[in-house]
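Subject: Structure handover

Hello,

Here is the structure for you to look over. My notes follow below it.

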Amino acid sequence: MKIDLRLTFHYGLTIFLSAFLLFQVQPLIGKMILPWFGGSAAVWTTCMLFFQLVLLLGYFYSHWVVRYLSPSRQSLVHASLLLVSLLLIPISPSLDWKPTGAENPTLRILGLLTVSIGLPYFVLSTTGPLLQAWFARERSGLVPYRLFALSNFGSMLALLAYPVAVEPIFPTLWQSYLWSGLYACFVAACALLAWRGHHGVPIIEQAHHEGPAPRWGDKVLWAALAACPSILMVADTSFLTTNIAPIPMIWVAPLALYLLSFIMSFERRGWYQRKVFLPLLVLGLSALAYLPTLGIDVFPLSVSMGINLTAFFVACMVCHGELARLQPHPSHLTGYFLMLAVGGVVGGFFVGVIAPYWFNSNYELSIGILLTGLVAAIAIIPKMKLARPLWRRVGIFFTAALLLALAWIRIDDHMEETRGAELTTRNFYGTLQVFNNVPDAYRTMYHGQITHGRQHTAPDKLDLPTAYYSPDGGAGKALQIKAGQGPLRVGVIGLGVGTLVSYGRKGDYFRLYEIDPMVIDIARHNFSFLSRTQAATEIVLGDARLQLEREPAQLFDVLVVDAFSGDSVPIHLLTREAFAQYFRHLKPEGVLAVHITNRFLDLRPVVKTAANHFGKELRLVDSEGIPEKLVLRSRWALISSDAAFFRDPRLSSATTIADPDRFRPWKDDYSSIFSILQ
């Protein structure tokens, strides 16, 4: 058959552009709304659930129009949808969706995304299966599934391009305009294809004789093979940031490997070979199961990351490779992709909704490992061509033994994780644990790897400030110096276990902002700083910046900002507009203390450029850890207009920060994590 290169290029370009826009709008809209929900990693997980849900609706729409509408009606309906979606660009989330306090963030995020980008994203999500079906209708002798590989290549390119070539260069508003301009180009290209095909012959009439329709068992297997990598991707990202290294942007690596496995599996059959990948799958699942049982310092960081990501990629290759082997005739293409979307939604719903609200710890990776092994066995063993029936029974026995061994490893590890824990609990914002170290007489709260507070349990040491808040640390020195001027009004962003109120005296007032209600409960019931302080305290539930924006000026003597020690740095608390709110709530001679201790990010240029903009002086206070006093290493930036404050002898060791060279100040519409990676 003669191939029309221009037509093939038109289809390929439109599918590529739709996939590129799909994966560009995800981090773009996520960046826009993250500040409204505390910058939590769970915001991204909820966004992913929304994207998978809309993708499912898009695939269902594509399946329905191809199966039940004539080509002319397909063209009319889809062209109308394309034109209506243009009315919703440029994309911009409405301020009416900003949370006001303790609302359920999952439902609010889903509603916000539906109103803001629902229709354009829906239109983009229909493109892959719909245009592949149209392509198969026009060129019935050609297999359209390689266009699916092209679609995933566009997705991966968008994923990698955003943090490297888009976010560091363009403000958010310009990103929205650029995306909207490309979307208009996509609408034009897709509308031309819709118009071209309105006189075509339905694909069902072309090829119904090519083979039997897939059975329900086949469809369930398609969905299961799609669900397993979806679960593993999000669960493994959580594991990487919690158990190996809380590295910002680490989610890019698993998602890129996930897409790469799709590309390699559907671009050509030769990439996925069972004789290569099945032994690797056994090793990979074993590594994923056993790696969490090891201490974080057993292997170098690069080795642990390499083992984990390689094992994850092998699991994705097996699932997606088997999906590619099971692909039906193009006449059933839309139904095939619909079941893939069902699997993705099931996986995303399990990780994004069920796990945070039903589990008390991170069990989803263990479940994903076992499900992947089970589903792969169901997909492969019954259809393998073996010389003797005995070998099939041996394969079933070996698989069962392997899954039982993996289950035992994971169950034992989860029991070890919670052994000795006074409390293990979980919600939208993550997993918190409280451990009571009886021999050394102290109690600790952890959020993943990050220590969020410690307290001595010996009666004579209950009021000693610990962790990052010792008298030698930046916040401790600021509070002690300002205490010499009379009663204090202190604001604290990030409650932790309430350690800072141990500096409170009678007549002092501490106003503490905390977004996670679970943290407040733990600080009140598992630690005693709040109950023992002599100062008056008030806790404000909700995102600190949103609350500060609504409140009248609080006239704080000291405002402590402590929210940047983990992997999910709430960037909205570091922008110029955020610092404007901080200084609005400070007295003219007040002190802003920003905790910038972080293993992977250098926040010094961020706070320095902000201080320069507002004409403030900045000093850096570094303090070493003292294990026997439960004091951790810390770095604080103290910012103020009070020259007398910086002349205090207790700040004699504080250092200045040189003006950063060519560093672009962070604003609400511009920030780049890559610019501060260490």
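First, a term. Buried means under 20% relative accessible area, exposed means over 50%, and partly exposed lies in between (1.4 Å probe, protein chains only).

This is a predicted model, so local features need pLDDT of at least 70 and side-chain atom pairs count only at pLDDT 80 or more, while totals for chains, interfaces and linings use all residues. Residues are numbered from 1 along each chain as its sequence is written, and side-chain values use heavy atoms, with hydrogens and water left out.

Helices (H or I, at least four residues) and strands (E, at least two) are DSSP runs, numbered from the N terminus.

**Salt bridges**

A salt bridge here is a side-chain nitrogen of Lys or Arg within 4 Å of a carboxyl oxygen of Asp or Glu. The search of the whole structure gives 20 salt bridges.

One of them joins Arg 532 to Asp 463, with the closest N and O atoms 2.8 Å apart. This pair links distant parts of the chain, 69 residues apart. Arg 532 sits in helix 17 (residues 529–532). Asp 463 lies in the loop between strand 4 (450–456) and helix 15 (474–483). Asp 463 is partly exposed, because its relative accessibility is 37%. Arg 532 is partly exposed too, at 39%.

Arg 545 and Glu 549 also meet in a salt bridge, at 3.0 Å from N to O. Both are in helix 18, 4 residues apart, so about one helical turn separates them. Arg 545 is buried, with a relative accessible area of 8%. Glu 549 is partly exposed, at 32%.

Asp 622 and Arg 635 form a salt bridge of 2.6 Å, N to O. This pair again links distant parts of the chain: Asp 622 is in strand 10, Arg 635 is in strand 11, and they are 13 residues apart. Asp 622 is partly exposed, at 42% relative accessibility. Arg 635 is partly exposed, at 22%.

Two strands pair if DSSP finds at least two bridges between them. Strands of a sheet pair through backbone hydrogen bonds, either parallel or antiparallel.

There is an open sheet of 7 strands, in the order 7-6-5-8-9-11-10, with mixed pairing. Which strands stand at its edges? They are strand 7 (536–541) and strand 10 (617–623). Each has a single partner strand, so one side of each has no neighbour in the sheet. From one strand to the next, the twist averages 15°. For angles, axes are lines fitted to C-alpha atoms, for helices over the stretch in contact, and values run from 0 to 180 degrees between N-to-C directions.

Strand 5 (residues 489–493) pairs with strand 8 in the parallel sense, over 4 bridges. Val 490 stands opposite Val 558 in strand 8. Helix 19 (residues 576–585) packs on the sheet. Contact means heavy atoms within 4.5 Å. Helix 19 touches strand 5, strand 8, strand 9 (586–595) and strand 11 (634–640), and its direction makes about 135° with that of strand 9.

**Cysteines**

A disulfide is a pair of cysteine sulfur atoms within 2.5 Å. How many does the whole structure hold? The search finds 0 disulfides. For Cys 185, the closest cysteine sulfur is in Cys 190, 13 Å away, which is too far for a bond. Cys 316 is in no disulfide either; the nearest cysteine sulfur, that of Cys 319, is 7.0 Å away. Cys 185 is partly exposed, with a relative accessible area of 45%. Cys 316 is buried, at 0%.

**Backbone**

Most residues other than glycine have a negative phi, and most peptide bonds are trans.

- The peptide bond from Ile 89 to Pro 90 is cis, with omega near 0°. Pro 90 is in the loop between helix 3 (71–85) and helix 4 (105–138).
- Ala 441 is not a glycine, yet its phi is positive, about 60°. Its loop runs between strand 2 (430–437) and strand 3 (442–447). Ala 441 is partly exposed, at 24% relative accessibility.
- Leu 555 has a positive phi near 55°. Its loop lies between helix 18 (544–550) and strand 8 (556–561). Leu 555 is partly exposed, at 44%.

Best wishes
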